[in-house]
Amino acid sequence: MLKKPLSFRDAVNAFLSPSERGEMIYSFDALGDMALIEIPPSLQKKKNRIARTLLDTVSSIHRVYEKVGVHSGKYRVEKTRWLAGVKNPVALSKEWGCSFLVDPGKVFFNPRLGTERQRVASSIRKGQSVCVFFAGVGPYPIILAKHTPLSRVYALEWNPSAKAFAEENILLNKVGDTVIPLWGDVESIPVREECDHIILPAPETASSHVSAALQWCKVGGLLHFYTFVPASRGPIEWKGIIRSIIPPHVKWSLAFSRKVSAFSSTTQQWCVGIRILSKGKGTIKKNKKKVSA
């Protein structure tokens, strides 16, 4: 009888002590053939062995990089470090029939949000226009362009590294006729048109850019607002956040709310749909100066 191959967990447990097994993080993010893993401080001396074990036990993985620190800085980038296998930081990640070239050490990209991107796509109707803030390498705008009957989608981003990857991904996925990339700070990019959907998929900073989002949103349009809240307070917390960031002259209603993920044991990520019913007269400055893509 053939012996069943060891799983990654079992193979690692074979050389970890009981206390080390309690510290070990067995899950990892897969970007194509790249694995992004987290190594706790207590296991740093064994990180290379852990990485080689992952290569030996998961046939689809050909290179292993370590996540170093957390997403931080102006562009929400998480540093990475090569540990084993092919030494190439650029991965090709595939999602819902779309392909994305990405260097996770230079740009923000979360492969775990695939289901969330599909959910957003299901809300787009024929002929609608969409604006995606913090578009990164293009996962939201490209997936929406490929799988919904929208008319066009604007992709706003200011990370120069993400710009290069996004432009290549737009060509790779053949969506240049509907994805319009606009480079710069979302606060200063002139509004092209008021859109039906505004997506703000950066929960750390979305609250700071609601005024800009309102400029892009038409009356009757929908803000897909992402935020982090304490797990113990959930809806109570995000309702308070929304009331504090929507100007008093703007009338709105709650279209939906959804817990996206458990970011940690104490923090949850939520997406809240904010329907804009009225923006008031002369209260939101609009700049529709034409700019080049």
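Analyst: We can begin with a definition: a disulfide is a pair of cysteine sulfur atoms within 2.5 Å. The model here is a predicted one, and by that cut-off the structure holds zero disulfides.

User: Why are Cys131 and Cys217 called buried?

Analyst: The word buried is used for a relative accessible area under 20%. Cys131 has a relative accessibility of 0%, so Cys131 counts as buried, and Cys217, with a relative accessible area of 0%, is buried as well.

User: What makes helix 4 mostly covered?

Analyst: Helix 4 runs over residues 114–121, and six of its eight residues are buried, namely Gly114, Glu116, Arg117, Arg119, Val120 and Ala121. The elements that cover these buried residues include strand 5, helix 5, strand 10, strand 11, strand 12 and strand 13.

User: What belongs to the largest nonpolar core, and which residues have the most contacts inside it?

Analyst: The largest nonpolar core has 36 residues, and Val130, Leu144 and Ile199 are those with the most contacts inside it. At least two residues of this core come from each of strand 2, strand 6, helix 4, strand 7, helix 5, strand 8 and helix 6, and helix 5 gives the most, with five residues. A second, separate core has 34 residues, among them Ile189, Val210, Ala213 and Cys217. As background, nonpolar side chains tend to be buried together in soluble globular proteins.

User: Which residues is Val130 in contact with, beyond its neighbours in sequence?

Analyst: Once neighbours within four places in sequence are set aside, Val130 is in contact with Ile124, Leu144, Leu150, Arg152, Val153, Tyr154, Cys195, His197 and Ile199.

User: Why are strand 9 and strand 12 said to stand at the edges of the sheet?

Analyst: The sheet is an open one of seven strands in the order 9-8-7-10-11-13-12, with mixed pairing. Strand 9 and strand 12 each have a single partner strand, so one side of each is left without a neighbour in the sheet. From one strand to the next, the twist averages 20 degrees.

User: How do you know that strand 12 and strand 13 pair?

Analyst: Two strands pair if at least two bridges are found between them, and strand 12 and strand 13 are joined over 10 bridges, in the antiparallel sense. Ser253, for example, stands opposite Arg275 in strand 13. Helix 8, at residues 234–245, packs on the sheet and touches strand 11, strand 12 and strand 13, while its direction makes about 130 degrees with that of strand 11.

User: What is the confidence of the prediction, and where is the pLDDT below 50?

Analyst: The mean pLDDT of the chain is 90, and 92% of its residues reach 70 or more. Over residues 282–293, however, the pLDDT is below 50, although this stretch has 26 contacts in the model beyond near neighbours in sequence.

Key
Residues numbered from 1 in each chain as written. Predicted model: local features only at pLDDT ≥ 70, side-chain atom pairs only at ≥ 80, totals over all residues. Heavy atoms only, no water. Buried < 20%, exposed > 50% of the residue type's maximum accessible area, 1.4 Å probe, protein only. Helix = DSSP H or I, 4+ residues; strand = E, 2+ residues; numbered from the N terminus. Contact = heavy atoms within 4.5 Å. Core = buried A, V, L, I, M, F, W, Y, C linked by side-chain atoms within 4.5 Å. Axes fitted to C-alpha atoms, helices over the stretch in contact; angles between N-to-C directions. pLDDT = per-residue confidence, 0-100.
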